Amino acid sequence: MATQLGMPSASHAGDELRDSALRQLASAAKAINLDPGMHRFLATPERTLIVSVPVMLEEGRLEVYTGYRVQHSTGRGPGKGGIRFHPDVNLAEVEGLAMLMTWKCAVTDLPLGGAKGGVAVDPRKLTRRQVERLTKRYTAAILPIIGPEKDIPAPDVNTDESTMAWIVDTVTMMTGQHSPAVVTGKPVELGGSRGRTEATGRGVAFVALEVMKREGKRPADARVAVQGFGNVGSVTAKALAEAGCKIVAISDVSGGYAAPNGIDIPKAIEHARKHPQRLLEGFPGLSKISNDELLAMDVDVLVPAALEGVITSANAGAVRAKIIVEGANGPVTGDADRELNNRGVTIVPDILANAGGVVVSYFEWVQSRAGFYWELDEVERRLEIYMRRAMELVLSTAKTYDCTAREAAFIVAVQRVSQAIEKRGIFP
Ligand code: NAD
């Protein structure tokens, strides 16, 4: 694929992502004095499947896409991880993301391993019917390695509950067995879990409130800025506002919106819901700010919940928040992370802060296998238990090892995965 001059190629970005996952593993391995053989084992995906995905777009026009499924580790349980449809999907990226899923499941103590999949395709160039055919053919191609006891996909970039419903249908038709437990993130009508859509944002809000409590900040006195007003950002803002925090700034791709006395979040959600592109654009009564200004606001808590790499060494100096909770994946770059930590800013890392989604995915898998579905309050109560336990362990590990919460999260995860593998022993 041709790349624009000066722009990193997709595979270069994928290499970066995998290298960064490997660096984080190496640093945790060093901290816990991990056996070098175990380190090599954890640095390598257990299984990689590359498939060709032919799709008859219309009569006589056959297109062929490349699909991937990587299982990084099944040491603690079946693989778990999303499927993305994006033109930049490549093997290095899928390997890196699969490894991160291993750590995310381990840090929250889910009995699951890490996996990821994807197809290099731009689904916006296809009709819905073509995407359905692509999904079903890709599912048939990876069927030998997925299943409720092997590897359980979920939605990711450009895939959603419809994609998951098509996967359930394909597996059911090909095996002759109704198979809702093969994926999570399904529609509730097909065995999806109540509370799954809100789970990530609720988890982000929960850890934000817990960290505030530890730092002696009452929610009623807390000023919060949230970047991104999609699934994660809007649910986080709503939950924090309900807990009594003052949300003084929100933003989306249309820009930032601020109000020193607090924003009416349910109204903002209603406004975005009615906007043709689901944006905050035109929301009345607020001052317009830029996304950069939002990041530099004088707030107690900043929640970047939009994109990766938004807080860098270039703008970290301007950040005035005392607590940063990473709603998005990778919003704070490595350099900025070090600088902010040196300044005493508490950063709750993504693999902990936004793990609520995978925790409720685990609940969905449990419910689908049991064929018994929980009420919403049950899901929310258990989500809190998992998030609290993970957060307490990460923060106490950061004290023990005198390291950042991010390093501590990797230490907890690598320790748990390596101990499970050691207890099983290397087969045969
Ligand atoms: P989403 O598509 O629902 O929302 C993204 C939001 O970011 C939108 O409001 C969009 O307008 C805004 N945005 C885009 N570009 C922006 C920019 N330049 N400046 C400011 N805002 C901008 O996505 P989401 O599901 O809320 O995911 C957000 C982040 O959280 C991603 O990094 C995702 O990988 C991560 N994440 C999501 C989940 C989940 O369950 N949805 C779980 C874990 C991690």
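Modeller: Contact here means heavy atoms within 4.5 Å. This is a predicted model: local features need pLDDT of at least 70, side-chain atom pairs count only at pLDDT 80 or more, and totals for chains, interfaces and linings use all residues. Residues are numbered from 1 along each chain as its sequence is written, and side-chain values use heavy atoms, with hydrogens and water left out.

Colleague: What is Val64 in contact with, leaving aside neighbours within four places in sequence?

Modeller: Ser52, Val53 and Pro54. Val64 itself lies in strand 2, residues 61-73. Strands are DSSP runs of E, at least two residues; helices are H or I, at least four; both are numbered from the N terminus.

Colleague: New topic. What order do the seven strands of the open sheet take?

Modeller: 9-8-7-6-10-11-12, with mixed pairing. Strands 9 (287-289) and 12 (346-348) are the edges, each pairing on one side only. Two strands pair if DSSP finds at least two bridges between them.

Colleague: How do strands 8 and 9 pair?

Modeller: Antiparallel, over three bridges. Gly256 stands opposite Ile289 in strand 9.

Colleague: And which residues touch the most other members in the largest nonpolar core?

Modeller: Trp103, Ile250 and Val325, out of 81 residues. Helix 14 (residues 405-424) gives the most to this core, 10 residues. Such a core is a set of buried Ala, Val, Leu, Ile, Met, Phe, Trp, Tyr and Cys residues joined through side-chain atoms within 4.5 Å.

Methods: Buried means under 20% relative accessible area, exposed over 50%, partly exposed in between (1.4 Å probe, protein chains only).
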